[in-house]
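Me: I am new to this entry. Could you show it to me and take my questions as they come?

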Amino acid sequence: MDATSRAAGSTALLTDRYELTMLQAALRSGAAHRRSVFEVFTRRLPNGRRYGVTAGTGRVLDAVENFRFTTPQLDWLADQDVVDEDTLRYLADYRFTGDIHGYPEGEVYFPGSPLLTVEGSFAEAVILETVILSILNFDSAVAAAASRMTSAAGGRPCIEMGARRAHESAAVAASRAAYVAGFTATSDLQAGFTHGIPTTGTAAHAFTLLHDTERDAFTAQIDSMGRGTTLLVDTYDLKEAVRTAVEVAGPELGAVRIDSGDLTLLAHRVRRQLDDLGARKTRIIVTSDLDEYAIAALAAAPVDGYGVGTSLVTGSGHPTCAMVYKLVARESVPGGPLVPVAKRSAGAKSSVGGRKWAARRPDADGVAEAEVIGTGPVPEELAAHLLQVPLVLNGESVGREPLAAARERHLRSLGALPLSATQLSKGEPVLTTERTA
């Protein structure tokens, strides 16, 4: 089981009220037990983005498994007159017994991609909508931002440092999503404990201000953490701090951190100073409200790593992916075949009926050239390129995997896209979406 786990409480009330009122009405009408297929997709990527990143899949599996109504929850629903007695009895025994297929975690996606397909009775599938969207929209937004940042970093490590800029639970989820998309470590200990992500961190400006002199602060930190620690050198005078840091730690000093100012200019100055002082192996870490554009601007600077907070946990300006959860097929009679259903509204909110498959067609060089989405038989030439995998079968999770597998998948998936996918300049999705019957 994923480390998120069974220690987590019930997820049953992480839902909108209308999910349960729909359930009540469907139970009364007799339609609640019709086999139904719901699909998670997004109609568009955030403006200027070239691809999306699937993240939160493991957390969805946990949420589905923990979707159980406790006695206090049922009592509260009754006290609030949310649903009637028949619905409460149904909820008391609720277990998802259907199937879920979807894009595996770390995989990239495009407009219309069927990221998750949930099949079961209408009753058991409809009430999962809110919690599934809550997880996938947030985690995928963070992962997309993280992927852009790690691409811009060009192999230099990125550290997630956004815990203080997010809700405490969201901060843990953000650490997980960032790790899937290539970040190497987190400052959040709960994320490390829950998900096995490496943690890092040493001292803030307060530690320097606590001591009578900067030398005293550096000495105390090195005595406690060793010469391989990272010293924060921009509390007072940067040049003097670097000199003091090397005097106290010697050339074995692990790293210095710069948290303010013109980072490109200061990184060059600090690198020259460290080299002149004999600390040629001492690394330079930069922080200070970084995003993918700031990281890209530092590409030519002598920087060894980046710490990213606010922009990461807010999806770098796009904190949601606008994913939706739509009914695309259902039985017309018990035991009968599935028939496509679709929303036919004006504007951009219509949907496409039918259970979908998706494949990523490569060109002759193995580079992806299109996202092909269909509802009929899978063409033979695309059978080896299907994207969805089983995640839940007959109510049992079958898609759990270590985060390391999702990290590796993301690298492979991104590496198979055209090179323009990692450009930060605004543009259309790097792959077109083709639909076939």
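Me: How many bridges join β8 to strand β9?
Reply: Three bridges join β8 to β9, which covers residues 255–258, and the two strands run parallel. Strands here are DSSP runs of E with at least two residues, while helices are runs of H or I with at least four, and both are numbered from the N terminus.

Me: Where do the coordinates come from?
Reply: This is a predicted model, in which local features need pLDDT of at least 70 and side-chain atom pairs count only at pLDDT 80 or more, whereas totals for chains, interfaces and linings use all residues. Residues are numbered from 1 along each chain as its sequence is written, and side-chain values use heavy atoms, with hydrogens and water left out.

Me: Back to the strands. Which residue of β9 is the bridge partner of L232?
Reply: The partner of L232 is R257.

Me: And what is the order of the strands in the open sheet?
Reply: Six strands form the sheet, in the order β7-β6-β11-β10-β9-β8, with parallel pairing; two strands pair if DSSP finds at least two bridges between them. At the edges stand β7 (185–186) and β8 (230–232), each with a single partner strand, so one side of each has no neighbour in the sheet.

Me: New topic: why is helix α2 largely enclosed?
Reply: Eight of the nine residues of α2 (57–65) are buried, so the rest of the structure largely encloses this helix. Buried means under 20% relative accessible area, found with a 1.4 Å probe on protein chains only. The buried residues are T57, G58, R59, V60, L61, D62, A63 and V64.

Me: What do they pack against?
Reply: Their partners include β3 (99–102), β5 (116–121), α6 (129–153) and α7 (168–180), and also β16 (389–393) and β17 (396–397). Contact means heavy atoms within 4.5 Å.

Me: How many aromatic pairs are there?
Reply: The structure holds five. In one of them, the ring centres of F67 and Y94 lie 5.5 Å apart with the planes at 65°, so this pair is edge-to-face. F67 is in the loop between α2 and α3 (71–79), and Y94 is in the loop between α4 (85–92) and β3, 27 residues apart, so to speak of distant parts of the chain. Rings of Phe, Tyr and Trp (its six-membered ring) pair if their centres lie within 6.5 Å, and planes under 30 degrees apart count as stacked, over 60 as edge-to-face and the rest as tilted.

Me: Are F67 and Y94 buried or exposed?
Reply: Both are buried. Ring pairs also link F67, F69, Y90 and Y94 into a cluster.

Terms used
Buried means under 20% relative accessible area, exposed over 50%, partly exposed in between (1.4 Å probe, protein chains only).
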